[in-house]
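Have the coordinates open as you read.

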Amino acid sequence: MKKFNGTPAVILLVEDNEGDARLAAEALKDGKISNELHHVKDGVEAMQYLKQEGEFKDVPRPDVILLDLNMPRMDGREVLEAISEIPKLSHIPIIVLTTSESEIDIVKSYSLNANCYISKPVDFEQFVNVVQSIEHFWFSIVSLPDGITA
Amino acid sequence: MKIHSPPAHDAIILLIEDNEADARLVAEGLKESKIANRLVHVVDGDQALDYLHCRGDYAEAVQPDLIILDLNMPKMDGREFLEKIKDNLSFSDIPLVVLTTSNDELDIKHSYVNMANCFITKPLDFSKFVEVVQAIEHFWLKIAKIP
């Protein structure tokens, strides 16, 4: 079981909206668990990151992925599908964080093995609250796999 | 305690747990919760499958909104149960929380790979255990969107 007492939790944020990415970063900075946020802007970059290709050659494997759904080039649904086909990535928890509240997106995300689905609140303070709830639940309550033996 | 049956929109939580004491703690944690919920308790993977497939005693079963699964149980254990349901499309969109005394790395990885939505090790301390149950309930029924 991975412990986060010393080493920071590595979070990969896949988000094309700069404003939302900045808000998430601020909320995580104020969080109780030390963390290292890596931000990529679409699914293509996310897959390069996860496969450690090109400029992402030396990046750490994330402990958790925060994934937006609606993005250019390769969207979140395609990322979910791509990750589920790569056995060495399939144990990484994926949290969908999106403006969509569509029932189709919710059902489809869970069916494509998203670990959970969260709608972004429009309100600034609620957004920060939600990000901190994610951080608390996934890093203080949940046991995450130890990526090293992946 | 209210004796009338809860309204249809109460969240239904299926708890798969052979340990009576742990099941009671989960029930207590959920009873104090702010979200109306109905707990259905079964004691092993076989019973859980009967419930999900509406078989036998569970012909009238309503599909749960959330499943809480122990790993170590007699007859069909949690690992086998995960493998049985992971490829079944009817159940793949029901969030499943593994709640177990195990903190074994193989169990953790096996659970995530087999589509558990999250893995939580049961705290030994009573009040921490209740806290964890409430955190599960708060996160899954209030923060997360479930189908």
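For the count that follows, a salt bridge is a side-chain nitrogen of Lys or Arg within 4 Å of a carboxyl oxygen of Asp or Glu. Going by that cut-off, there are 16 salt bridges over all chains. Keep in mind that this is a predicted model. For chain A, the mean pLDDT is 91, with 95% of residues at 70 or more.

Start with A:Lys120 and A:Glu15, whose side chains form a salt bridge at 2.7 Å, N to O. A:Lys120 sits in the loop between β5 and α5 of chain A and A:Glu15 in the loop between β1 and α1, so the contact ties together parts 105 residues apart in sequence. Buried or exposed, what is A:Lys120? With a relative accessible area of 8%, A:Lys120 is buried, and A:Glu15 is buried too, at 3%.

Now look at A:Arg73 and A:Asp42, which pair up at 2.8 Å, N to O. This bridge links distant parts of the chain, 31 residues apart: A:Arg73 is in the loop between β3 and α3, A:Asp42 in the loop between β2 and α2. Here A:Arg73 is exposed, at 59% relative accessibility, whereas A:Asp42 is buried, at 6%.

Over in chain B, B:Lys75 and B:Asp44 make a salt bridge at 3.8 Å, N to O. B:Lys75 comes from the loop between β3 and α3 of chain B and B:Asp44 from the loop between β2 and α2, 31 residues apart. B:Lys75 is exposed at 67%, while B:Asp44 is buried at 3%.

Finally, back to chain A: through shared partners, salt bridges join A:Glu15, A:Asp20, A:Asp68 and A:Lys120 into one network.

Methods: Residues are numbered from 1 along each chain as its sequence is written. Chains are lettered from A and ligands numbered from 1 in the order in which they are written. This is a predicted model: local features need pLDDT of at least 70, side-chain atom pairs count only at pLDDT 80 or more; totals for chains, interfaces and linings use all residues. Side-chain values use heavy atoms; hydrogens and water are left out. pLDDT is the predictor's confidence in each residue, from 0 to 100. Helices (H or I, at least four residues) and strands (E, at least two) are DSSP runs, numbered from the N terminus. Buried means under 20% relative accessible area, exposed over 50%, partly exposed in between (1.4 Å probe, protein chains only).
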